[in-house]
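Please examine the sequence and the model shown below.

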Amino acid sequence: MTMREQDVLGVLALLGDADLTAWVDGGWGVDALIGVTTREHDDLDLVVRLDEIALVRQVLARAG
């Protein structure tokens, strides 16, 4: 499944609304830095705090 910019923003909003910290890494991270979607992306690489990982999993699992 190809991810869209809206998908990335949605995931970040879900985590932010839960007061969780996440950083975008990988291809989407590069695209965010240059301000352009350079290619199709099939995934989203996130860096999260280790002490928040259980909550991150819960939030993402509830979102499907």
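Against which elements do the buried residues of α2 pack? They pack against α1, β1 (22-25) and β2 (45-48). The model is predicted: local features need pLDDT of at least 70, side-chain atom pairs count only at pLDDT 80 or more, and totals for chains, interfaces and linings use all residues. Residues are numbered from 1 along each chain as its sequence is written, and side-chain values use heavy atoms, with hydrogens and water left out.

**Helix α2**
- Helices (H or I, at least four residues) and strands (E, at least two) are DSSP runs, numbered from the N terminus.
- The buried residues of α2 are G27, W28, G29 and D31, where buried means under 20% relative accessible area with a 1.4 Å probe, protein chains only.
- G35 follows α2 and has a positive phi, near 80°.

**D31**
- D31, in α2 (residues 26-34), is buried but forms no salt bridge (a side-chain nitrogen of Lys or Arg within 4 Å of a carboxyl oxygen of Asp or Glu).
- R39 is the nearest side chain of opposite charge to D31, at 6.1 Å; Lys and Arg count as positive and Asp and Glu as negative, while His and the chain ends are not counted.
- Not counting residues up to four places away in sequence, D31 touches V36, T37, T38, R39 and H41 (heavy atoms within 4.5 Å).

**Nonpolar core**
- The largest nonpolar core has nine residues, among them W28, M3, V8 and L44; such a core is a set of buried Ala, Val, Leu, Ile, Met, Phe, Trp, Tyr and Cys residues joined through side-chain atoms within 4.5 Å.
- Two or more residues of this core come from each of α1 (5-17) and α3 (53-63), and α1 gives the largest share, three residues.
- Leaving aside neighbours within four places in sequence, W28 contacts M3, R4, E5, V8, T37, H41, D43 and L44.

How values were computed:
Buried < 20%, exposed > 50% of the residue type's maximum accessible area, 1.4 Å probe, protein only.
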